[in-house]
Structures are given as structure tokens and as C-alpha cells.
Amino acid sequence: NVLILDFGSQYTQLIARRVRELNIFCEIKPYNNLPGDLDGYKAVILSGSPFSTRSDDAPHPDLSRIKGHKPILAICYGAQYIAHFNGGNVAPSKTREYGRAKLAHVAQDPFLKDVPVGSQVWMSHSDTIQQLPDGAVLLASTHDVPNAAFKMPDERIYGIQFHPEVYHTTAGSLILRNFLVDIAGLEQTWTPAAFVETTVAELKEKIGTEKVILGLSGGVDSTVAAMLLHRAIGKHLHCIFVNNGLLRKNEFEEVLHQYKDMGLNIKGVDASARFLDALEGESDPEKKRKIIGRVFIEVFDDEAHLVEDAKWLGQGTIYPDVIESVSATGGPSATIKSHHNVGGLPDFMKLKVVEPLKMLFKDEVRRVGASLDIPAERLGRHPFPGPGLAIRILGDITREKVAILQEVDHIFINGLREWGLYDKIWQAGAMLLPVNSVGVMGDERTYEKCVALRAVESTDGMTADWVNLPYEFLQKTSNDIINKVPGVNRVVYDISSKPPATIEWE
Ligand code: XMP
């Protein structure tokens with residue numbers, strides 16, 4: 001296991017990605033929150049930082065429990081920090097040191113084994129190490145940065161001014177591998193199958209014969225979390241799958257069936273009427289979300305009470321959720337709590353929480369899922385918002401509107417699958433607009449609803465661009481929708497990127 005101490009660099013998550021890609025497990029901890037027990041860590045990486053080591057408010061953690069005890073790779077700010085406090089000299093650089101540079105000198109050293117002279121590296125710093133720390137040996141230079149890499153052999157510290165974690169540093173992964181495997185002696189054994197094996201063993205140990213309740217959404221994260229728990233504790237895992245009446249057409253029945261085929265102990269709860277009644281007459285997007293969150297908690301709490309003597313709440317929290325909420329109060333469940341503004345916490349939230357995917361990135365969750373034999377169709381599913389079609393029906397929600405939108409969405413999504421487009425798209429769906437427009441069908445004038453189709457490409461949903469779908473596909477889909485869905489006489493395609501638009505319309 002590798003410890004990455006985060007000094008606030010925008011690239012810290014990337015370091016973790018690169019290390020994991022080498023099949024080596026790692027964890028990120030904030031620099032000011034060093035774990036009490038460091039025994040499990042065989043190496044430490046110090047990240048970059050937006051600060052200057054010379055500034056008073058810069059991170060200046062006490063590294064005495066690490067220095068000399070574990071091999072250290074210090075990147076950018078990390079390297080400057082080591083230099084600054086070990087007799088070196090760090091000063092503002094005179095030339096611009098951002099972007100691409102080439103290694104002009106590379107020493108013969110295991111740390112830089114197979115890294116050629118001329119190799120491209122990526123710089124991003126305004127301070128520079130003018131003088132190396134005491135006892136340091138120079139390992140590499142670029143034209144503008146004489147001290148681009150150094151080592152302090154007595155303490156097994158390696159400092160580099162450039163960023164090995166970014167894609168543009170050609171030999172970046174190689175350098176990380178040299179450090180982690182050859183110098184720190186780590187093994188490259190962290191594979192999805194190994195993760196499944198150790199996690200299942202840990203879950204068995206932790207949970208024993210106690211009961212766990214888990215809410216399944218049909219999404220990738222909760223499904224993979226459920227299958228891991230299922231491997232560990234079998235029928236002691238009680239899954240609950242709630243139909244809020246705002247799912248895609250047939251989704252509730254089909255997904256429930258699939259979960260049963262996977263062997264899960266699952267109960268499907270059709271609470272559609274409860275949700276739709278509660279939403280009646282509400283048009284405000286945020287209020288719709290709050291209502292759905294509240295009713296979900298009520299339904300889930302009712303169901304959780306039916307599982308006698310449950311001790312644990314299973315959750316599909318993944319690593320990015322954990323990182324986003326470290327500074328927030330109550331971790332990932334904080335979001336659920338904000339929905340629940342009446343009468344204190346529901347009972348299920350007082351259970352102990354078990355989150356088997358807490359250390360994984362999204363693509364790792366998919367790889368773990370594949371190694372658990374979860375059907376590819378489930379793992380490749382597009383993201384679908386928790387409030388479902390409620391935030392794709394602009395304005396108030398009625399059962400009739402839900403039925404119309406389900407049909408439209410079904411034609412669109414099925415079409416994408418048939419045309420081989422589904423897996424090339426991050427997310428797609430249809431919106432029911434709150435306008436009627438005039439049309440003509442046969443000799444009749446119509447005055448009916450308009451739907452907007454949306455398909456976007458993205459890597460994380462934070463930014464997105466619309467997909468250039470083939471005109472022939474749009475033509476056929478539009479025809480199918482207008483001919484087959486009564487009440488719709490117009491189809492438009494959304495060509496807005498995010499930002500400035502969002503993926504959903506509400
Ligand atoms: P936006 O519309 O903000 O959406 O660009 C980004 C991603 O988040 C999903 N989304 C939600 N997911 N509850 C959810 O669980 C919500 O209230 C919600 N709103 C948006 C959206 O589908 C997209 O994947």
C-alpha cells in the first residue's frame with residue numbers, strides 16, 4: 001500500500017490513478033491528517049501544491065515519522081519542501097516553467113532506469129530549487145531547470161520538479177514504477193480479482209452473521225457493492241429496490257428480474273403511487289428533488305424495519321464521493337440528511353455503515369463488476385438521475401406525462417442500442433417540454449406536446465458536449481416517436497454543451 005500525502009495539488013487524484021494503473025494500491029490523505037498507524041504503507045508520495053514553501057501559510061507538516069523510515073517520492077512542491085527544510089534553497093524562478101520541457105541530462109540511477117535523454121516532461125511551478133539539500137545527488141536537468149530530479153540516498157528520498165502523473169510526461173509511469181517497484185519493493189498485485197478476494201474476506205470478518213440492508217438503484221455502483229456483499233454474506237444481505245414511478249419504461253420489472261438472476265436476496269417495492277401523489281402539482285425542480293428524497297427515505301425506512309435485527313447499512317459510495325465530502329460534515333450520507341428535514345433521523349440511518357467501494361474510482365468499479373460476472377449490460381448502463389423522469393418532465397408531473405415520456409425515452413434509447421450508438425455515449429434521455437405546438441396530422445390540425453432528445457459525451461458529468469448523432473438516426477427516431485406516441489407532434493434535438501447548459505434540463 002502507498003500513502004499519497006495531498007498538499008492541495010490539482011493533480012493529486014491523477015497520481016492515485018497512475019499508481020493504481022500499475023496495479024499497486026494507494027490512498028490519498030490530506031497532509032495535515034497523517035494516519036496514526038503507518039505500518040501498512042511501504043512508500044509515501046508527496047504531492048504538488050498551489051503554495052510556495054517560502055510562504056508562512058504553506059503546508060509544513062511534520063514528516064519525522066516518515067523521513068528515513070519509508071522511501072519518499074516528492075513531486076514538485078513536495079520536492080521543494082524537502083529541499084527547503086534540508087539545507088537547500090528554493091526561490092522564485094526567473095524563467096517561465098510551465099508546460100513541456102525535455103530532459104537534457106539523465107543520471108544512471110535505478111530511479112530513472114530506461115528514461116532517455118530528450119524525454120518530454122511536464123512542468124508547472126513558479127518556484128525553483130536553486131540549491132539542492134545537503135547530501136543530495138543530482139539526477140536530472142532540463143534546459144531551464146538544473147535541479148529537475150535529485151535523490152537523498154541516506155533517507156531514500158527522491159525529488160522531482162516535474163509531474164510524472166500527467167499524461168504529457170512521457171516516462172511518467174515508468175518513473176513511478178521504478179520508484180514503487182524497484183526502490184520501494186512494492187508488488188504489482190492489485191487487480192480487480194485480488195480486490196474482490198481481499199474485500200470479500202474483510203467483509204466476512206467485519207460483518208460475520210449480522211444482517212445488512214442495501215438500497216439498489218439499478219446503477220453500477222450499488223450493483224457492484226451488492227454483489228461484493230452477496231459474495232461475503234449471502235442471504236444476510238437484504239436488498240431493497242424501490243420503484244418511484246419515475247423510472248424508464250419496464251426498468252423496474254427488468255432490473256428486478258436481472259438482480260434475482262444474479263442470486264441477490266432482493267425485494268422490489270412498488271411505491272409509485274406514494275411518489276406521484278406527493279409530487280402532484282409541484283413544478284419547482286428543487287422542490288421535486290426534495291419531495292422525492294423525503295419519500296424515498298420514508299419508504300426505505302418502512303422496508304428496513306421489516307428486516308428484523310439489521311445491524312448494517314450497505315452503500316455504493318465510491319472514492320470521488322469520499323474525496324468530495326472529506327471537508328463536509330457527515331460524509332456521503334450528508335446529502336441524504338439534507339432531504340430529511342422532519343422529525344430527526346430515520347432508524348436505518350443509525351445503522352453501522354459498510355461501503356465496500358469506498359476506495360475505487362468509477363472505471364475500477366466497472367472492472368471489479370466484470371470480475372464478479374455482473375452482466376455487461378448492467379455495467380455499461382448510462383447514468384440515470386435519482387429523481388428520474390421527474391426532472392425530465394418540465395413543470396408539474398402527472399401520470400399521463402410520465403407514460404408519454406417513458407414511451408419517447410424507450411424509442412430513443414432502444415434506437416441508440418440498435419444503431420450501435422449506446423456505448424459511445426455517456427448519457428442520453430428525453431425531456432418533455434411544457435409547451436404545446438401546432439401540427440398537422442392527416443387533415444387535422446393538432447396542438448400537442450414537444451419533446452427534446454439529449455445525448456452527451458463526457459468523462460465525469462462535470463463537463464459535457466452534445467453528440468453528433470447521424471441525421472438518418474435522428475430522422476428515423478423523430479418519425480417513430482411522432483407516429484407511435486399519441487400526444488407528441490414535435491421532436492427537437494438539444495445541441496447545447498455543458499457549461500453553459502447542464503445535462504438535465506432541471
Ligand atoms: P447536470 O444536469 O447537473 O447533471 O449537468 C450532471 C449529472 O448528474 C445527474 N443528476 C442527478 N443525479 N440526482 C441524481 O442522482 C439529481 O438530483 C441529479 N441531477 C442531475 C445527471 O443525470 C448527470 O448525470
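Where is Cys 76 found? Cys 76 sits in the loop between strand 4 (72-75) and helix 2 (77-84); helices (H or I, at least four residues) and strands (E, at least two) are DSSP runs, numbered from the N terminus. The model is predicted: local features need pLDDT of at least 70, side-chain atom pairs count only at pLDDT 80 or more, and totals for chains, interfaces and linings use all residues. Residues are numbered from 1 along each chain as its sequence is written, and side-chain values use heavy atoms, with hydrogens and water left out.

**Overall layout**

- The protein contains 14 helices and 20 strands.
- Its C-alpha trace spans about 85 × 55 × 40 Å along the principal axes.
- Three domains divide the protein: domain 1 (2-183), domain 2 (192-379) and domain 3 (399-493). Domain bounds come from an automatic or database domain assignment.
- The centres of domain 1 and domain 3, taken over C-alpha atoms, are separated by 50 Å.
- Of the 506 residues, 54% count as buried. Buried means under 20% relative accessible area, exposed over 50%, and partly exposed in between (1.4 Å probe, protein chains only).
- The accessible surface of the protein is about 23,200 Å², and 51% of that belongs to carbon and sulfur atoms. Accessible areas come from the Shrake-Rupley method with a 1.4 Å probe; for residues, only the protein chains shown count as cover.
- Among contacts in the protein with a separation of 6 or more, 74% are between residues 24 or more positions apart. Contact means heavy atoms within 4.5 Å.

**Nonpolar cores**

- A nonpolar core is a set of buried Ala, Val, Leu, Ile, Met, Phe, Trp, Tyr and Cys residues joined through side-chain atoms within 4.5 Å.
- The largest nonpolar core has 93 residues, and Leu 416 and Leu 469 have the most contacts inside it.
- Helix 5 (residues 220-233) gives the most to this core, with nine residues.
- Domain 2 (192-379) and domain 3 (399-493) both give residues to this core, so it lies between them.
- Another core, of 43 residues, lies apart from it; Val 2, Ile 24, Ala 149 and Leu 176 are among its members.
- Leaving aside neighbours within four places in sequence, Leu 416 is in contact with Leu 421, Tyr 422, Ile 425, Ala 428, Leu 469 and Phe 473.
- In soluble globular proteins, nonpolar side chains tend to be buried together.

**Ligand site**

- The residues surrounding the ligand are Arg 289, Pro 385, Gly 386, Pro 387, Ile 391, Gln 427, Gly 461, Lys 498, Thr 502, Ile 503 and Glu 504. The criterion is that one heavy atom of the residue lies within 4 Å of the molecule.
- A backbone N or O atom of Gly 386 is 2.9 Å from a ligand oxygen atom.
- For Ile 503, a backbone N or O atom lies 2.8 Å from an oxygen atom of the ligand.
- The side chain of Lys 498 has an N or O atom 2.7 Å from an oxygen atom of the ligand.
- Taken alone the ligand exposes 490 Å², of which the protein buries 67%.

**Backbone exceptions**

- Most residues other than glycine have a negative phi, and most peptide bonds are trans.
- Cys 76 is not a glycine, yet has a positive phi of about 50 degrees. Cys 76 is buried, with a relative accessible area of 5%.
- Asp 373, also not a glycine, has a positive phi of about 60 degrees. Asp 373 is in the loop between helix 11 (362-371) and helix 12 (376-379), and is exposed, with a relative accessible area of 64%.
- Lys 498 and Pro 499 are joined by a cis peptide bond with omega about -15 degrees.
- The bond from Pro 499 to Pro 500 is cis, with omega near 5 degrees.
- Pro 499 lies in the segment after strand 20 (488-493), and Pro 500 is placed in the segment after strand 20.

**Two helix residues**

- Arg 18 is found in helix 1 (residues 12-21) and is buried, with a relative accessible area of 15%.
- Not counting residues up to four places away in sequence, Arg 18 touches Glu 165, Tyr 167, Ser 173 and Leu 176.
- Glu 418 belongs to helix 13 (residues 399-418) and is exposed, with a relative accessible area of 66%.
- Glu 418 and Ala 390 are 28 residues apart in sequence and 26 Å apart in space, C-alpha to C-alpha.

Notes: Polar contact = N/O pair within 3.5 Å; in protein donor to acceptor, adjacent residues only side chain to side chain.
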